[in-house]
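Please walk through the ligand sites of this model, beginning with a metal ion and ending with another.

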Amino acid sequence: AKSNGRNGFEFFSADMREQAQARMQLLKDLRSAIELKQFELFYQPIVNLSDLHIHKAEGLIRWQHPEKGLISPIAFIPLAEETRQINALGQFVFGQALETLNDIKKLTSSEFQISVNVSPVQLSTLDSGIDDWPNMLKAAKLPASSIVAEITEGLMVNPEALTQTRLKTLVQSGMQLALDDFGTGYSSLAYLQEMDTDYLKIDKRFVDNITQGSQELALCEAIIVMAHQLGLKVIAEGIETELQMQLLLAAGCDYGQGYLFSKPLNKSRFMALLADKKMI
Ligand code: C2E
Ligand code: CA
Ligand code: CA
Ligand code: CA
């Protein structure tokens, strides 16, 4: 017999309870994940669109959970930010990037860049470790310009004084700066220049809908002209088709990143790609 006993509201609250429990468990697991070496940095090639060479890659974190399998950063980065564990995670990512850059040095004499995603939390927490980056680069005998810090628009719009100062110090040390997910928020062009940004990354959502004569293509063209006038190089994210690549190349885009070229790879597969195809 049908019962009104379990109405929508109860279902909803049971659901919420489950979600809250899952979140608590994830938070708990996150705490030990670094020590347990469950994190791994993957690398997605960034391709020079005019000659298809790979001189850059973006580091993307992966969490191999013993029971839940691979967990997307989209699921745990916000939690790590809330609990400030992103600071330790950020240091892990940076250390891995330095190691990999040194391994790449053995393959090629041309300069390679790895970009790392920097959370606003790392820049607003005093002891996040980010201020050590210039020294860590020196200790690793790597030029500061081999690291590109990817930051999001949010940081550019209304940064705290501390964030701004620290970012400037990093840039003055020679580290490069990329503005990630361009077009998804509100960007101040003045700030782009003020911060001496080197790269602008066009968000995947624009690239997704690029076709001949489309509004998205017109937008990309305008963004690229503007970026070049400001002295920035442009990287298009999420390129999945040959057509997208061709249209972006014709629009003057400098670099591309996306499944058309390669998915993010673990270190050994990434190193094999660089060595094998003589892509660098
Ligand atoms: P993001 O920085 O915008 O990174 C690009 C995302 O797009 C990556 O997702 C990448 O795998 C995905 N992607 C690249 N090309 C394609 C494509 O052609 N098609 C499709 N469908 N997707 C593509 P991922 O690795 O899941 O990372 C998601 C987000 O998590 C990143 O977005 C970034 O915001 C954050 N994240 C990842 N690693 C780190 C990290 O080490 N630190 C911080 N703070 N955030 C990170
Ligand atoms: Ca990024
Ligand atoms: Ca610069
Ligand atoms: Ca992005």
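**Ligand sites in the predicted model**

The calcium ion (ligand 3) is coordinated at 2.8 to 3.0 Å by Asp 196 (OD), Asp 198 (OD) and Asp 198 (OD). Donors here are N, O and S atoms within 2.8 Å of the metal, or 3.2 Å for Na, K and Ca; water is not among the atoms, so sites may look incomplete. Asp 198 is buried at a relative accessible area of 19%, whereas Asp 196 is partly exposed at 45% (buried means under 20% relative accessible area, exposed over 50%, partly exposed in between, with a 1.4 Å probe and protein chains only).

This is a predicted model, in which local features need pLDDT of at least 70 and side-chain atom pairs count only at pLDDT 80 or more, while totals for chains, interfaces and linings use all residues. Residues are numbered from 1 along each chain as its sequence is written, chains are lettered from A and ligands numbered from 1 in the order in which they are written, and side-chain values use heavy atoms, with hydrogens and water left out.

Next comes ligand 1. Of the 22 residues around ligand 1 (those with a heavy atom within 4 Å of it), Arg 62, Asn 117, Asp 180, Glu 240 and Tyr 259 come nearest. A backbone N or O atom of Tyr 259 is 2.8 Å from an oxygen atom of ligand 1. A polar side-chain atom of Asp 181 lies 3.3 Å from an oxygen atom of the ligand, and one of Gln 44 lies 3.1 Å from a nitrogen atom of ligand 1.

Strand E2 (54-65), helix H2 (73-82), helix H3 (86-105) and strand E6 (176-182) each give two or more residues to the shell around ligand 1. Helices (H or I, at least four residues) and strands (E, at least two) are DSSP runs, numbered from the N terminus. E2 supplies the largest share, four residues.

Glu 58 also lies in strand E2 and is buried, at 4% relative accessibility. Its side chain makes a polar contact of 2.9 Å with that of Asn 117 and another of 3.0 Å with that of Lys 201. A polar contact is a pair of N or O atoms within 3.5 Å; within protein, one must be able to donate a hydrogen and the other to accept it, and residues adjacent in sequence count only if both atoms are side-chain atoms.

What coordinates the calcium ion (ligand 4)? Asp 180 (OD), Asp 181 (OD), Glu 237 (OE) and Glu 237 (OE) do, at 2.2 to 2.5 Å. Asp 180 also coordinates the calcium ion (ligand 2), 4.0 Å from ligand 4. Asp 180 is buried at 6% relative accessibility, and Asp 181 is partly exposed at 25%.
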